[in-house]
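Biologist: I would like to go through this structure and ask what the terms rest on. Please show it first.

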Amino acid sequence: MPVKTVVGGRPVVHFLLLVAALAGLLLLVGVFDAAFAQASPFGAPRGQVPAVPVGGVLGWIFAKQAEFYRQFSGLIRASKADGNAAWSLFGLSFFYGIFHAAGPGHGKAVISSYLVANEETWRRGVVLSFASALIQALVAIVVVGVAAALLNATAATMNNAVNVIETVSYALIIVIGLRLLWVKGRAFFAALRMLHRPAAVGAAVTPPDQLHAHTSHDHHAHDQHEDDHDHHHPDANSHSHDGHAHCECHDHSSAWGHAHAPEPEELAGPGGWRRGFSAVVAVGARPCSGAIIVLVFALAQGLFWAGVVSTLVMGLGTAITVAATATIAVGAKSWAARFAETRSGYGMLAMRGIEVGAAAVIIAFGTLLLAGYLVTERMVGI
Amino acid sequence: MVHRQLFSIAVALGGLVIACGGACAHPHVWVTMHSELVYASDGSITGVHHAWTFDDMFSVFATQGIESKKKGEFTREELAPLAEVNVTSLKEYDFFTYAKANGKQLEFNDPPAGYYLEFDPKDTVLTLHFTLPLKKPVKAKLLTVEVYDREFFIDFSFAEKNPAKLVGAPAPCKLSVLNPDQMDASLAQQLAQLGANQRDSNLTIGSQYANKIVVKCP
């Protein structure tokens with residue numbers, strides 16, 4: 001089959017791509033981990049050379065957000081007397097949100113990885129980004145509103161509340177990652193199995209109405225399946241039946257081998273939003289320290305409402321950055337998917353591999369965050 | 001080639017997902033420092049006294065919910081519990097203070113009692129006063145004290161006026177204070193003064209981003 005030989009070059013490239021991408025990710029995670037382990041104040045040798053501030057774009061973003069942040073107090077004070085200052089405050093909050101979200105935290109990484117692992121569309125990515133930013137702003141407002149405004153609690157009490165929320169949020173991130181790893185890991189191994197059974201590739205797809213008959217493994221179903229070979233559905237992705245164990249026990253069932261991967265539709269479709277919501281909550285639950293400080297400061301100035309609006313606008317800015325990152329992530333993924341679609345062999349394997357990698361990244365993030373190696377924000381108790 | 005593009009996108013994606021570690025953390029606490037180096041009568045340095053003033057937003061946040069007799073003002077006594085929390089938690093971070101005598105790292109004991117917080121009601125800022133005694137007082141020809149947060153959650157900088165002072169130091173000792181911004185210019189100047197093959201062991205490139213007190217005693 002000369003055609004196949006030509007196409008046959010692709011799987012190798014895809015496989016290399018997969019390996020390279022995963023290796024790159026793992027390497028980055030490793031570097032990341034090491035950097036943070038070193039940065040940890042515990043057991044760090046004294047007098048080490050300080051971390052050199054990043055130059056270039058990141059350095060600029062970093063300098064900008066600090067610059068914006070420092071203007072909050074002046075503008076909040078000014079807003080007391082001057083209504084125009086309040087507008088400047090909201091404008092500042094917006095830009096601060098955009099720049100601040102480029103820094104650590106704000107779930108950019110987790111949301112992007114989640115979308116990549118989950119075959120999400122960019123539209124859903126944008127919605128999830130905005131939802132998580134909104135939740136983050138609301139949590140900050142509720143924490144300060146209840147603890148400081150109503151109960152007159154101390155900063156330490158608020159820090160403790162944030163720490164509890166943080167721990168729960170990180171644990172949730174790990175749970176989401178583990179769930180994805182389980183689902184996508186199975187899909188990956190299904191794709192791997194399929195490679196060793198070339199006959200199964202591109203084999204017939206059972207019509208949905210035959211779905212229930214399969215569990216019985218009767219010959220009728222088998223025959224029916226043989227008939228279906230003629231139809232030869234090209235998109236191996238579109239059918240919805242779940243992995244049945246019968247593929248392990250009968251030779252003829254190898255024809256359904258590819259069916260054992262949970263398909264994208266299972267994850268998107270109805271119910272997908274509910275899962276998306278759990279990711280949004282996990283990521284958005286931890287309020288940003290900057291917002292809390294701004295809210296408390298506004299409260300002390302007798303302008304709590306200005307702090308609330310400022311926090312919401314900040315969330316809007318944050319959402320834009322997170323959504324942009326998520327869109328790039330999803331775009332890259334769907335680009336990769338276009339190549340993979342042409343083949344259900346190595347291409348599929350590569351896609352599932354990327355998804356498994358993304359799930360692993362989520363778990364790594366959650367674990368590092370929970371273990372305290374990766375600190376997105378810190379209050380130091382002063 | 002398409003695959004190469006694809007690969008670079010995958011790498012860029014990975015980078016985006018992971019990038020921006022601690023290096024692009026941004027501080028929520030700004031500290032303006034006044035520091036004093038305290039000397040014994042025999043000319044050895046015994047410790048560092050810091051007065052750290054926190055920025056107004058953080059100061060207001062830190063004093064939130066603390067009871068005071070007079071609204072908007074806090075006495076040292078009212079702030080005593082907070083001062084204790086501060087000093088205790090700063091221990092974990094070595095008080096962000098790193099000193100070297102003749103290039104050798106010095107160790108500090110924990111601050112003795114006597115540390116306190118002061119509240120300035122006009123600017124609504126808190127100032128933490130505390131002393132870091134050296135484990136072993138030393139005499140040094142070259143002494144450096146650096147203050148920085150490696151993770152950059154706290155932005156330290158010296159006050160513009162009277163950033164540092166020598167207390168009871170031998171007369172010939174000279175004090176200079178270097179800020180991260182000024183460091184580049186002064187470093188460049190120092191480097192320019194060096195001959196091509198000359199080395200200045202006093203010059204430690206790499207720590208030019210820290211706030212640094214340098215004392216030279218001939």
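Modeller: This is a predicted model. In it, helix 5 (residues 122–150) of chain A packs against helix 11 (residues 304–341) of chain A at an angle of about 155°, and their axes are 7 Å apart.

Biologist: Why is helix 5 of chain A called roughly antiparallel to helix 11 of chain A?

Modeller: Angles over 145 degrees count as roughly antiparallel. The angle here is about 155°, so helix 5 of chain A is roughly antiparallel to helix 11 of chain A.

Biologist: Is the crossing of helix 5 of chain A and helix 11 of chain A left-handed or right-handed?

Modeller: The crossing of these two helices is right-handed.

Biologist: Which residues, nonpolar, polar or charged, make up the contact of helix 5 of chain A with helix 11 of chain A?

Modeller: That contact has 18 nonpolar residues, 9 polar ones and no charged ones.

Biologist: What makes helix 4 (residues 108–117) of chain A mostly covered?

Modeller: A residue is buried if 20 or more other C-beta atoms lie within 10 Å of its own. In helix 4 of chain A, 10 of its 10 residues are buried, so helix 4 is called mostly covered. Among them are A:K108, A:S112, A:Y114 and A:V116.

Biologist: What follows helix 4 of chain A?

Modeller: A:E119 follows helix 4 of chain A, and the phi of A:E119 is positive, near 55°.

Biologist: How many helices and strands does chain A have?

Modeller: Chain A has 12 helices and 0 strands. Of its 382 residues, 45% are buried.

How values were computed. Residues numbered from 1 in each chain as written. Chains lettered and ligands numbered in written order. Predicted model: local features only at pLDDT ≥ 70, side-chain atom pairs only at ≥ 80, totals over all residues. Helix = DSSP H or I, 4+ residues; strand = E, 2+ residues; numbered from the N terminus. Buried ≥ 20, exposed ≤ 12 C-beta atoms within 10 Å, placed from the backbone. Axes fitted to C-alpha atoms, helices over the stretch in contact; angles between N-to-C directions. Parallel < 35°, antiparallel > 145°, perpendicular 65-115°, else oblique. Left-handed = near helix turned anticlockwise from the far one by under 90°. Nonpolar A, V, L, I, M, F, W, Y, C, P; charged D, E, K, R; others polar.
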